[in-house]
Amino acid sequence: MTEAIPSTNAAPIELPDNTPVVEFKDVSITFDVKPVLHHISFCVDRGQTLIILGPAGCGKSVLLKLANGLLGPDSGSIRIFGKEITTMRERDLYALRAHIGMVFQESALFDSLDVEDNVAYRLHEEHVPEDESHKRVVEALKFVELEQAIDKFPSELSGGMRRRVSIARAIISGPDLILYDSPTGGLDPITSTTIIELVMKQRDVSHTTSLLVTHRLQDAFALATHRFDTTTGGMKPIPHDPGQPGTGPGIDPGTKFLMLNEGSIVFHGTTEELVHSKDPWIENYLA
Amino acid sequence: MAFSSPEVFIKQRIAAVQDYSILAGSAIADIFTAPRYWADIFTQMDSIGVGSMPIIILTGFFTGCVLALQSVTALQEFGAVSKTGSLVALSMVKELGPVLTGLMVSGRNAAGMASEIGSMKVTEQLDAMRALGTDPIRKLVTPRVVATVFMLFFLTIIADAVGIAGGAMVSVFMLGLNGSSYLHTSYQGLVYGDVVQGLTKPIFSGYIIATVGCYFGMKTTGGTQGVGRATTQAVVVSSVFIIIVDFLVTRVMIGIFGS
């Protein structure tokens, strides 16, 4: 139940020390005449989770699509696994995306395929034998605790179940980077907690680097202050550890925050720095 | 609906032509490189080809019937009733078979492609496909282009055949003409150039139907209302393109074969 999903056909990417998994440098993008992101620069190191916060329409989802090469910036540089993707051919981007999992805001499941075919989509594309593919689909569905829904179609699933299938589809190939676009958006608090537990499980069991967009502060702080407990199969608060320098009490050191407002970064730092920020806009947002 | 300045309007139209050209070119280029989605090609062939058979048979048959009925009145004035078969066959094979088949398949399949791909676009399924490492043009557009071009060719042959048969039935059972004479003049009236002309047109029509349908599907914005708009645009644009290209191909064929 709590085993990491094994990495599959695409061999894990080896990065030289200190090379960030995600690196944005001075990235700007405009839709028609409306600037959506301007001069965005940040890095995410291996194993880190970057939580992207901000009000609706501030460019959070666009930022994730830029990180996956689904959109191209007007200016600036985006390096994923040390490779510049802004000048990469679409064909090479498809190869790079084999190492990136993405969970979409509205799940974006293929509605004409059942859960098994949705989750196994990438494996089918890679011509993985049917037996092997089925085994791995079952493993991924067990990870999200949804193995009973393997034969169902997306229209037969609830919003939370669809989100979990979407997570299973993203993690089935054991990606080196996962992009979560509002995985709890539009869900009730109990289902949201289930989804956040899955994100936490993937972070703490598989140690996958991730970018998570959310506008729900409680989800963001749950990720920063809790850890997945493999014995109970749920999340538990991180105990106070005064002996560990650089980390605050009961805070996951690998979880960082990035706050956006009107297309610009207003904060980038640790959980402690965020909660102690004196910036009036941040104080107001967190209030 | 907001009005845009002439400059913006022209830029948008040029960008649309550019996007369409890239999509239409990529759909062909992807045929020659792996991966190829054979299962999708066969599924589309079944949907477009076999699925369109009833409407093509009905349209072709009754067009042939009405053609015989209308032409015999005019031919009677010149004492050329025996040429009914030739007139029906020439009209069906050179013009009405290819054009009506193209228009019927356009109404059925360009709309289907635009709505299916458009729904995928507005629900982020196309982005999900790209995020999962699949090129949507290769996976969705190329199979539809191959299947439509291939199947429209054979659908046109079927439409021509049932059209001539429909003309024969009207000529024999309603107008009292000699069946053998009808079929003989039909056969005699057709020459190699007529058949080539008639079977060149569906290749172009098939390409137009698939690329226009997929283009409007992939450019869909604005939710379910946008899907409806894309579907309408796909049918209107592909139908108009089919008729324009029909004229151009006819002119080129007359230049080549001389009639």
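**Notebook: cores, sheet and helix packing**

I started with the nonpolar cores: the largest has 75 residues, and the ones with the most contacts inside it are Ile52(A), Ala67(A), Val119(A), Ala140(A), Ala168(A), Leu179(A) and Leu211(A). Next I looked up who supplies the largest share of this core, and it is helix H6 of chain A (residues 159-171), with 6 residues. I then found another core lying apart from it, of 55 residues, including Cys65(B), Ala159(B), Ile208(B) and Val212(B). A reminder to myself before going on: this is a predicted model.

**Helix H1 of chain A**

Are the residues of H1(A) buried or exposed? I checked the helix, residues 60-67, and found it mostly covered, with 8 of its 8 residues buried. My list of the buried ones reads Lys60(A), Ser61(A), Val62(A), Leu63(A), Leu64(A), Lys65(A), Leu66(A) and Ala67(A). I note that two lysines, Lys60(A) and Lys65(A), are among the buried residues of H1(A). Ala67(A) I had already met, among the residues with the most contacts inside the largest core. Just after the helix, I saw that Gly69(A) takes a positive phi of about 75°.

**The sheet in chain A**

I traced an open sheet of 4 strands in chain A, in the order S2-S1-S4-S5, with antiparallel pairing. Which strands are at the edges? They are S2 (34-44) and S5 (83-84) of chain A, each pairing on one side only. I then followed S1(A), residues 22-31, which pairs with S2(A) in the antiparallel sense over 7 bridges. To have one pair to click on, I picked Glu23(A), whose bridge partner in S2(A) is Cys43(A).

**Two helices in chain B**

I wrote down who meets whom: Leu23(B), Ser26(B) and Ala27(B) come from H1(B), while Ile137(B), Val141(B), Thr142(B) and Val145(B) come from H5(B). Sorting the residues of this contact by class, I got 5 nonpolar, 2 polar and no charged.

**Between the chains**

Last, I turned to where the chains meet. How many residues of chain B are in contact with chain A? I found 11, in contact with 13 residues of chain A. On the chain B side, the classes come to 3 nonpolar, 4 polar and 4 charged residues. I set that beside the contact of H1(B) with H5(B), which has no charged residues.

How values were computed: Residues are numbered from 1 along each chain as its sequence is written. Chains are lettered from A and ligands numbered from 1 in the order in which they are written. This is a predicted model: local features need pLDDT of at least 70, side-chain atom pairs count only at pLDDT 80 or more; totals for chains, interfaces and linings use all residues. Two strands pair if DSSP finds at least two bridges between them. A nonpolar core is a set of buried Ala, Val, Leu, Ile, Met, Phe, Trp, Tyr and Cys residues joined through C-beta atoms within 7 Å. A residue is buried if 20 or more other C-beta atoms lie within 10 Å of its own, exposed if 12 or fewer, and partly exposed in between; C-beta atoms are placed from the backbone. Two residues are in contact if their C-beta atoms, placed from the backbone, lie within 7 Å. Ala, Val, Leu, Ile, Met, Phe, Trp, Tyr, Cys and Pro count as nonpolar, Asp, Glu, Lys and Arg as charged, and the others, Gly among them, as polar.
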